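Please have a look at the picture first, and then we will go through it together.

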Amino acid sequence: MLVAVLYILFGFNLVSIIMEKTNAMYKDIRFWLVLASLFMLVWLTVKSYPV
């Protein structure tokens, strides 16, 4: 349940960053930070559930 909420929050953050009309460099850094955090969350989720 908590993981699903985190995924939804990351999705909202990515959409808001993509739709912003601000400085491109600041937007780019935030985009990659959120994307890296999302990949880390996916990796931890996959690693924590045994197949």
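This is a predicted model: local features need pLDDT of at least 70, side-chain atom pairs count only at pLDDT 80 or more; totals for chains, interfaces and linings use all residues.

As for the overall fold, the protein chain has two helices and zero strands, and its C-alpha atoms fill a box of roughly 40 × 15 × 10 Å along the principal axes. A compact globule of 51 residues would have a radius of gyration near 10 Å, whereas the value for this chain is 13 Å. Buried residues account for 16% of the 51 residues.

Which residues, then, form the largest nonpolar core? There are seven of them, namely Phe10, Leu14, Ile17, Val34, Leu35, Leu38 and Leu41. Helix H1, residues 2–19, and helix H2, residues 24–48, are the elements that each give two or more residues to this core, and H2 contributes the largest share, with four residues. If we set aside its neighbours within four places in sequence, Leu38 is in contact with Tyr7, Phe10 and Leu14.

Let me turn to H1, which has 18 residues and reaches 26 Å from its first C-alpha to its last, close to the 26 Å expected at 1.5 Å a residue. Its buried residues are Phe10, Leu14 and Ile17, and because they cover an arc of only 70° around the axis, they lie on the same side of H1. On the other side of H1, by contrast, Phe12 and Met19 are exposed.

How values were computed:
Residues are numbered from 1 along each chain as its sequence is written. Side-chain values use heavy atoms; hydrogens and water are left out. The radius of gyration is taken over C-alpha atoms; the globule rule is 2.2 Å times the number of residues to the power 0.38. Buried means under 20% relative accessible area, exposed over 50%, partly exposed in between (1.4 Å probe, protein chains only). A nonpolar core is a set of buried Ala, Val, Leu, Ile, Met, Phe, Trp, Tyr and Cys residues joined through side-chain atoms within 4.5 Å. Contact means heavy atoms within 4.5 Å. The expected span of a helix is 1.5 Å times one less than its number of residues. The arc is that of the directions from the helix axis to the C-beta atoms.
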